[in-house]
Amino acid sequence: MTDTLLSVRDLSVAFHQGGETSVAVDHISFDIKRGETVALVGESGSGKSVSANSILKLLPYPSASHPSGEVIFNGKDLLKASDEELRHVRGNDITMIFQEPMTSLNPLHTIEQQIGEILELHQDLKGAAARARTLELLNQVGIREAEKRLGAYPHQLSGGQRQRVMIAMALANRPELLIADEPTTALDVTVQAQILELLKSLKDEHGMSMLFITHDLGIVRKIADRVCVMTKGKIVETGPTADIFANPQHAYTRHLLAAEPKGEPPPSDATKPIVIEARDVKVWFPIKAGFMRRVVDHVKAVDGVDLTLRAGQTLGVVGESGSGKTTLGLALTRLISSKGRIAFVGKDIHAYSFREMRPLRNRMQVVFQDPYGSLSPRMSIADIIGEGLKIHESALSGEERDARVASALQEVGLDPATRWRYPHEFSGGQRQRIAIARAMVLKPQFVMLDEPTSALDMSVQAQVVDLLRDLQRKHNLAYLFISHDLKVVRALANEMIVMRLGKVVEQGPAERIFEAPGEDYTKALMAAAFNLEAVNLSAIRQ
């Protein structure tokens, strides 16, 4: 038996649409040995996922085609295999885990039904035997109280639990090769660390090979034996992980390794004027039950938070999903109702109605997480950025407004000549710059940044962080920076709040918390973010 399990040779992928042909993957070659983990690394659009989907012929044929290449698995070329042969390989010999478990799982079927379907299709297991194997798989992937979860639907599980179910489904038929396509990107750092440790231990236990697709080099260092670096459809460098990190040869590899957000946050300055002050802020959502829909309890999304944010300073708010970070930001900007005192530049605003808040909106701006969802696809960039000026500075003429829009685009590093284009004509990083320009055109004092870099590639993240730092220095802006990415927070924030289940766990100067975290929960976040280690699991919300 040969040592090589999968051999991809001279593979190309082309897409045909409207009489035009575009090449997404251009003559790539790589091997995966038995028991080996190979990482395919690159930024969005580099061709990683298209390459992985080609292995099992999961592309939209006939609009997709392979002008060249072969995919040899156990001596057989899968590109030439019949549909019946591929059905035997898919989910049996080669399985796949996708990036977003919520869209990969059927929302109308229970967990037991979805795993049972695979067992029945490939192993003809039914009834009690299928149930026993399903429980065995769920326990193997670390689902607590697995028997109680059999009847659960995907929406009743957390993101980490859904991904564990996806891994259980992938392992159901004891595959020889597992393809993991960005399996931790949509997860919290603590859950990401747990999933990576799980994949590594299961791979060793089952003797599987793994093709791991990611844009995060930190994950590669942790999990891969060898690395293939991909850009613009080509593999530009390949080699053992340690060698690639110690001595990268290609300029693009060096660019990826240097792309992590860097730089120093602004120095703390207690003499600067206070922009936002909050005391005992609470946001409780009622839980109603019974025929009369009486309030029986509350979800305490934010529970008694105090903070002070000064001009030219950045307050980082960190924590897992569901910790209350975004809800706190929405309360401070009065986009949702809350209890407790909130003051903006010395003026108490906690009792203001939404109508009373309107004159202050130009001075309080928000940049949202998703640059795809936060920009209207039906408006040009000029209209998107200029909309706030029409409302808050209605005395401006059309020419004056256009000049302000052009100036805002220039400030965020975009060509003003592109302002008549639409959002779909820009990359993710460019769209986030447009969202920042929309906030900055109104010359705010306070900007809430809600996960503004999480949807972006690492190198684009670094560019956006540098841009935000420059704008803050130039305009003396106060930032509330909400993120689960502690590397980005470290580069931007001088003060920090760690939240868990609506409460502040730890608070103080960011440098002190990063150097010497005092709480177990904070230590768990740090270990997961910087070392990809799952520690202090009892302190983390399961």
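Visitor: In this predicted model, how many of the eight residues of helix H12 are buried?
Guide: H12 spans residues 325-332. Its buried residues are Lys325, Thr327, Leu328, Gly329, Ala331 and Leu332.

Visitor: Which residue with a positive phi follows H12?
Guide: Look just past the helix. The phi there is near 60°. The residue is Arg334.

Visitor: Is Glu451 buried or exposed?
Guide: Glu451 sits in the loop between strand E18 (446-450) and helix H17 (458-475). Its phi is positive, near 50°, though it is not a glycine. Buried means under 20% relative accessible area. Glu451 has 8%, so it counts as buried.

Visitor: And Val345: buried, exposed or partly exposed?
Guide: Val345 lies in the loop between strand E15 (339-344) and strand E16 (347-348). Its phi is positive too, near 40°, in a residue other than glycine. Val345 has a relative accessibility of 32%, so it is partly exposed.

Visitor: What is the strand order in the open sheet of six strands?
Guide: Strand E7 (94-97) and strand E11 (234-240) each pair on one side only. The pairing in the sheet is mixed, and neighbouring strands are turned by 15° against each other on average, direction ignored. The order is E7-E8-E9-E3-E10-E11.

Visitor: Which residue in E8 stands opposite Thr95?
Guide: E7 and strand E8 (residues 177-181) run parallel. Four bridges join them. Strands of a sheet pair through backbone hydrogen bonds, either parallel or antiparallel. Opposite Thr95 stands Leu178.

Visitor: At what angle to E9 does helix H8 run?
Guide: Two helices lying across strands of this sheet can be described in turn. Helix H1 (residues 48-55) lies across E3, E7, E8, E9 and E10, at about 150° to E9. Helix H8 (residues 189-206) lies across E3, E7, E8 and E9. Its angle to E9 is about 160°.

Visitor: Which peptide bond is cis, and where is its proline?
Guide: The bond runs from Tyr61 to Pro62, with omega near 5°. Follow the chain on from H1. The proline is in the loop between H1 and strand E4 (64-65), and that residue is Pro62.

Visitor: How do the residues of the contact of H14 with H15 divide into nonpolar, polar and charged?
Guide: Helix H14 (residues 381-392) and helix H15 (residues 398-411) pack at about 115°, their axes 9 Å apart. The crossing is right-handed. Ile381, Ala382, Ile385, Gly386, Leu389 and Lys390 in H14 meet Arg401, Arg404, Val405, Ala408 and Leu409 in H15. These contact residues divide into seven nonpolar, one polar and three charged.

Visitor: How far apart are the C-alpha centres of domain 2 and domain 3?
Guide: The domain assignment gives domain 1 as 4-93 + 178-258. Domain 2 is 108-174, and domain 3 is 274-288 + 295-539. Between the C-alpha centres of domain 2 and domain 3 the distance is 38 Å.

Notes. Residues are numbered from 1 along each chain as its sequence is written. This is a predicted model: local features need pLDDT of at least 70, side-chain atom pairs count only at pLDDT 80 or more; totals for chains, interfaces and linings use all residues. Side-chain values use heavy atoms; hydrogens and water are left out. Two strands pair if DSSP finds at least two bridges between them. Axes are lines fitted to C-alpha atoms, for helices over the stretch in contact, and angles run from 0 to 180 degrees between N-to-C directions. Contact means heavy atoms within 4.5 Å. Buried means under 20% relative accessible area, exposed over 50%, partly exposed in between (1.4 Å probe, protein chains only). Domain bounds come from an automatic or database domain assignment. A crossing is left-handed if the near helix is turned anticlockwise from the far one by less than a right angle, and right-handed if clockwise. Ala, Val, Leu, Ile, Met, Phe, Trp, Tyr, Cys and Pro count as nonpolar, Asp, Glu, Lys and Arg as charged, and the others, Gly among them, as polar.
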